[in-house]
Amino acid sequence: MSKDELSESTVKFIRILSISIGILILIAAASADHIGLSSGRGISRNQIGFLGSGLALIAFGLMGRKFPGFYRGAAVIFLNVVVAIVLIEFASIILVKLIDSERFNTREQKMEEGHLELVENNVVLGKYAPFVVWRSNPALNSDSVRVDPEGYRITPNVSTDPNAYKVFLLGGSAMWGTNVSDSGTIGAFLQTYLSESTGSAVAVSNLAQVGHSSTQEIIELVLQLRSGNIPDFVIYYDGFNDVWGAYEAGRAGTHHSEGPIAARVEGKPEAFNVRPPLETLLRESNIWLLITSIQNRTPDFASELQRVETYSTMGVHADSLAAEIVETYLGNCRIVEALAEQYGFEYIFVWQPSIWYGEKRKTEDEQDIYNGGFAFFLAGGDPAFKELYTATYNLFEETVVDSLHYLSFARIF
């Protein structure tokens with residue numbers, strides 16, 4: 001026997017010791033709940049780790065002198081797999097840039113700005129705010145899109161004169177100004193128009209929030225009034241989000257993503273998107289980016305929609321739900337009317353247009369959105385969504401006549 005080799009007795013001792021320790025670890029893992037090593041019921045991740053370690057030690061003991069050779073072979077295979085993954089990861093960068101450069105650049109920008117985790121993990125793209133549930137997150141600010149510390153979109157050139165004519169704007173993403181710069185929002189154009197046409201000091205406050213429904217907007221107005229910030233004029237711009245919330249929840253008067261938000265409040269584990277470490281690592285790779293890019297180029301929207309629970313899958317009829325939506329909206333309008341009388345401001349309710357209503361000739365991009373080809377409006381391809389949307393808009397136009405305080409833009413296109 002060479003000096004580098006262990007004696008048979010030493011090998012035997014090591015094998016027995018390894019097997020014995022492995023068995024003890026298996027027993028500890030199996031009885032963890034009873035001896036206080038586990039805080040929960042069933043098999044935890046730590047128990048699985050102990051089980052794996054115990055089985056590995058037992059296998060090491062059983063293999064004896066064969067183990068070093070096995071280890072070297074496994075190490076070679078593992079190293080080759082790592083090299084292959086690195087090469088595929090590098091190739092994925094090139095392929096994504098070729099087939100979906102916009103997606104790659106957007107992801108890189110989010111990573112550089114620290115936004116990627118925020119975007120992927122949040123139920124809504126916002127920051128929690130009492131009573132209204134969320135407002136815009138200042139952490140997502142850029143050179144062209146600015147949000148103040150309170151979560152309100154900044155309107156350029158607002159007068160700082162304390163006696164300026166105050167205009168409040170409330171609504172969802174259209175009024176907030178999704179995908180447009182600060183200077184391209186409705187608020188920015190209104191600020192310029194009123195200032196130039198009146199020659200007086202004007203302060204347009206954009207209180208709209210992405211995804212907010214009319215009920216959240218009523219609460220937002222109440223919070224402003226309670227703080228002593230009294231407007232001269234209030235403009236509501238609604239329609240889409242009230243329909244969207246009802247489409248998701250099967251009842252009127254709810255807000256966007258009610259189910260996922262409720263699940264988080266109630267502490268349901270599935271609401272927090274907790275993933276195993278390997279899956280998390282994969283989702284942060286360029287390989288995952290390539291896979292999702294390919295999926296987006298050839299999406300199967302029909303199969304995606306089949307997994308979504310909506311009013312239709314709940315057995316709710318579109319016409320009855322549309323009636324609830326309009327009734328809820330008009331109820332909110334009456335609350336604003338009462339507040340206006342009490343606080344002395346003027347108001348107008350504008351029912352917004354969209355590509356899902358009317359006979360507008362659509363561009364290629366608009367047709368894609370209309371058919372559900374855009375990630376944020378996947379439901380656009382659902383006939384049930386279009387049915388509810390059309391039923392609600394038809395009923396609104398039948399019920400509400402354009403007047404000093406009510407104006408429908410539903411068919412403006």
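Arg-411 counts as exposed, at 53% relative accessibility (buried means under 20% relative accessible area, exposed over 50%, partly exposed in between, with a 1.4 Å probe and protein chains only). Its side chain meets that of Glu-397 in a salt bridge, 2.9 Å from N to O (a side-chain nitrogen of Lys or Arg within 4 Å of a carboxyl oxygen of Asp or Glu). Keep in mind that this is a predicted model, where local features need pLDDT of at least 70, side-chain atom pairs count only at pLDDT 80 or more, and totals for chains, interfaces and linings use all residues. Residues are numbered from 1 along each chain as its sequence is written, and side-chain values use heavy atoms, leaving out hydrogens and water.

- Side chains of opposite charge can pair when their charged atoms come close.
- The whole structure has six salt bridges.
- Arg-411 sits in the segment after strand E7 (406–408), while Glu-397 is in helix H17 (residues 383–399), 14 residues apart (helices, H or I with at least four residues, and strands, E with at least two, are DSSP runs numbered from the N terminus).
- Glu-397 is partly exposed, with a relative accessible area of 28%.
- In the Arg-146 and Asp-182 pair, the closest N and O atoms are 2.7 Å apart.
- Arg-146 counts as partly exposed at 33% relative accessibility, whereas Asp-182 is buried at 5%.
- Glu-220 pairs with Arg-135, with the closest N and O atoms 3.0 Å apart.
- That pair links helix H9 (residues 214–226) to strand E2 (residues 133–135), across 85 residues of chain.
- Glu-220 is buried at 1% relative accessibility, and Arg-135 is buried too, at 11%.

**Strands**
- Altogether, the protein has 17 helices and seven strands.
- Strand E5 (residues 233–238) is mostly covered, with five of its six residues buried.
- E5 runs parallel to strand E3 (residues 165–171), joined by five bridges, and pairs in the parallel sense with strand E6 (residues 346–351) over six bridges (strands pair if DSSP finds at least two bridges between them).
- Val-234 is the bridge partner of Phe-168, and Tyr-347 in E6 is a bridge partner of Val-234.

**Confidence**
- The mean pLDDT (the predictor's confidence in each residue, from 0 to 100) is 83, and 80% of the residues reach 70 or more.
- Over residues 113–119, the pLDDT is below 50.

Note on methods: Contact means heavy atoms within 4.5 Å.
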